[in-house]
Each structure stands twice: as structure tokens, then as C-alpha cells.
Amino acid sequence: MILTPNKITTAAKKRVKDTTNNLDWALFFQIAIDKIFGSRSWKFATSELNYIHSVGVAEKTFSATATERALNHIRSIRLTTSYTDVGGLPVPASGTAHPLEVVSPQEFFERYPDNVVEGEPCLATIRVANDGTNGMQISIAPLPNIDSAVWVFGDFIPAYTINDSALPILPSQFHWLMIEAMVALAAEELGKPRTMATSEIRFARGLLSLEEWDKKNSAHKPRLHSSRGNGAFRGPLLPENFDRRYR
């Protein structure tokens with residue numbers, strides 16, 4: 001069942017019979033997001049986004065789209081100055097993409113204190129973290145001397161914004177977890193311990209179901225590759241975003 005943040009909030013209000021509008025539902029929504037995404041890294045929430053980094057520009061703020069604003073943690077960055085546009089998406093020339101080393105801001109500015117020299121970018125840092133509403137900002141160095149295609153692989157979380165767009169990132173069959181988390185928080189505020197306890201139990205069970213589903217996500221299952229000659233199999237060869245706990 002695909003739900004929007006507004007529908008999730010409305011359903012939670014009905015469950016606790018809140019007619020006063022004195023509760024901070026926006027805060028409950030934020031806490032519910034954190035309950036699901038704040039304590040672990042989900043395979044289903046890992047993805048890659050691409051953008052064009054303009055010549056001579058140091059910073060990039062991920063705020064142009066909902067997908068950009070959802071970027072919460074960077075695992076790796078690759079860049080190329082040699083690419084072609086295919087259907088509106090950049091495709092790197094063979095063998096030209098290279099990784100950028102992601103370092104702390106302190107190390108970044110120790111190595112590039114002014115960051116005004118142009119060249120082939122080799123370093124990146126997160127200057128401003130994603131705060132749940134505004135996207136993160138990164139800096140790269142040296143400044144690119146030509147427009148460059150950049151691919152960022154990382155972890156994504158839904159924004160704290162309550163609106164009528166379908167809740168992203170979280171698989172639709174688990175959208176109801178948001179309702180249970182918000183109901184438990186609201187019931188505690190309203191002094192309804194039975195409702196709170198029921199929703200906390202449902203949420204905990206649902207989180208376990210989500211974890212099991214995430215482990216079995218077909219996109220992240222080991223892939224066996226046939227060896228040459230005898231048709232036997234070797235492996236498994238696992239994708240980069242396969243959680244090491246389940247290797």
C-alpha cells in the first residue's frame with residue numbers, strides 16, 4: 001500500500017482519535033523516520049545518483065530533486081571528464097572514470113586550504129550534512145577544469161517533509177510502519193498506554209519483517225559466475241552494497 005506522508009499522518013490521528021491538533025505531528029513524523037533509518041544501514045536504501053559538476057565550481061548542494069535531498073551518507077564517488085550524453089544521461093568513456101577520495105573537512109582544507117586551483121579532481125569532503133530537510137553539500141578539489149560527470153553511491157532516507165507525494169525510499173509494503181511509530185508516540189503523549197504498547201509491538205515486529213525482507217532482496221543476492229571450461233561455479237561475487245553482516 002503506497003502512502004503519502006499526509007495519509008500516514010491522517011491515519012495515525014484517527015488511530016489515537018486526536019481531534020485537538022495540539023500534538024506535534026511533524027515531530028512524530030521525523031522521529032518515525034529516524035526510528036526506521038537512524039540505527040542501521042538498509043540495502044534497499046542504497047542507490048546511486050548522477051550529476052554534472054560545472055567547470056571551476058568547488059561545491060555541490062544536493063537539493064535539486066527529492067532524490068538528491070534524500071542522500072544521507074556517501075559511500076563512494078567517481079568522476080570523469082570524458083563522457084557522452086545518451087538519452088539525457090552521461091555515459092563515461094571507457095576507462096576514464098576514477099574514484100575521488102572522501103576525507104574529513106579538516107583533512108580536505110589542510111590539503112587544499114584555498115581550493116582555487118583548477119585541475120583533475122581527486123578529493124571530496126562533506127561540508128554540510130543532510131539535516132532531514134536540506135540536502136548535503138560537498139566540495140571537490142582541485143576545481144574541475146572542464147564540466148565533469150559525477151556518480152555518487154550512498155545511503156538514502158526520506159526527507160522529514162510532510163506532503164502529498166508518495167513516501168520514497170521505504171518499500172511501499174512497509175509504509176504502515178510509519179503509522180505504528182507515530183501512533184505509539186502520540187499515544188504516549190495522550191496517556192493511552194494500551195494503544196502505545198500495541199503499536200510499539202506492531203512496529204517492532206514490522207521492523208523485523210523489514211530486516212528479513214532486506215536480507216532476501218533479490219537485487220542484493222550473491223551472483224554465482226561460471227568458471228571457464230568446465231561449467232562449474234565459483235563465487236559468490238557480491239555487489240558493493242551487500243551488507244557485510246550477511247556475507
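**A close look at Glu180**

Modeller: Happy to! Leaving aside residues up to four places away in sequence, Glu180 touches Arg15, Ser199, Arg202 and Phe203, where contact means heavy atoms within 4.5 Å. This is a predicted model, with local features needing pLDDT of at least 70 and side-chain atom pairs pLDDT 80 or more, while totals for chains, interfaces and linings use all residues. Numbering starts from 1 along each chain as its sequence is written, and side-chain values use heavy atoms, without hydrogens or water.

Glu180 belongs to helix α5, residues 176-190. Helices (H or I, at least four residues) and strands (E, at least two) are DSSP runs numbered from the N terminus. With a relative accessible area of 7%, Glu180 is buried; the classes are buried under 20%, exposed over 50% and partly exposed in between, for a 1.4 Å probe and protein chains only. Its side chain makes a polar contact of 3.0 Å with the side chain of Ser199. Such a contact is an N or O pair within 3.5 Å; within protein, one atom must be able to donate a hydrogen and the other to accept it, and residues adjacent in sequence count only through two side-chain atoms.

Ser199 leads us to helix α6, where Ser199 is among the buried residues, together with Met196, Phe203, Gly206, Leu207, Leu210, Glu211 and Asp214. Covering these buried residues are elements including α1 (5-16), α2 (25-37) and α5. Helix α6 runs over residues 193-215, and its 23 residues reach 33 Å from first to last C-alpha, close to the 33 Å expected, the expected span being 1.5 Å times one less than the number of residues.

Thr195 is also in α6, but Thr195 is partly exposed, at a relative accessible area of 26%. Beyond residues up to four places away in sequence, Thr195 touches Val16, Val183 and Ala187. Leu185 is ten residues from Thr195 in sequence and 9.9 Å away, C-alpha to C-alpha.

Now to the sheet. Seven strands form an open, mixed sheet in the order β1-β11-β3-β6-β8-β9-β2; strands pair if DSSP finds at least two bridges between them. The edges are β1 (46-53) and β2 (59-61), each pairing on one side only. Strand β3 (residues 71-80) meets β11 (residues 148-156) in the antiparallel sense over eight bridges, and Leu79 has Val150 of β11 as a bridge partner.

A polar atom of the Ser148 side chain lies 2.9 Å from the backbone oxygen of Ile146. Not counting residues up to four places away, Ser148 touches Tyr51, Ile52, His53, Leu79, Thr80, Thr81 and Tyr83.

Finally, confidence. The average pLDDT, the predictor's confidence in each residue from 0 to 100, is 88 for the protein, and 88% of the residues score at least 70. Residues 220-230 fall below 50, and this stretch has 29 contacts in the model beyond near neighbours in sequence. Residues 232-236 are likewise below 50, with 14 such contacts.
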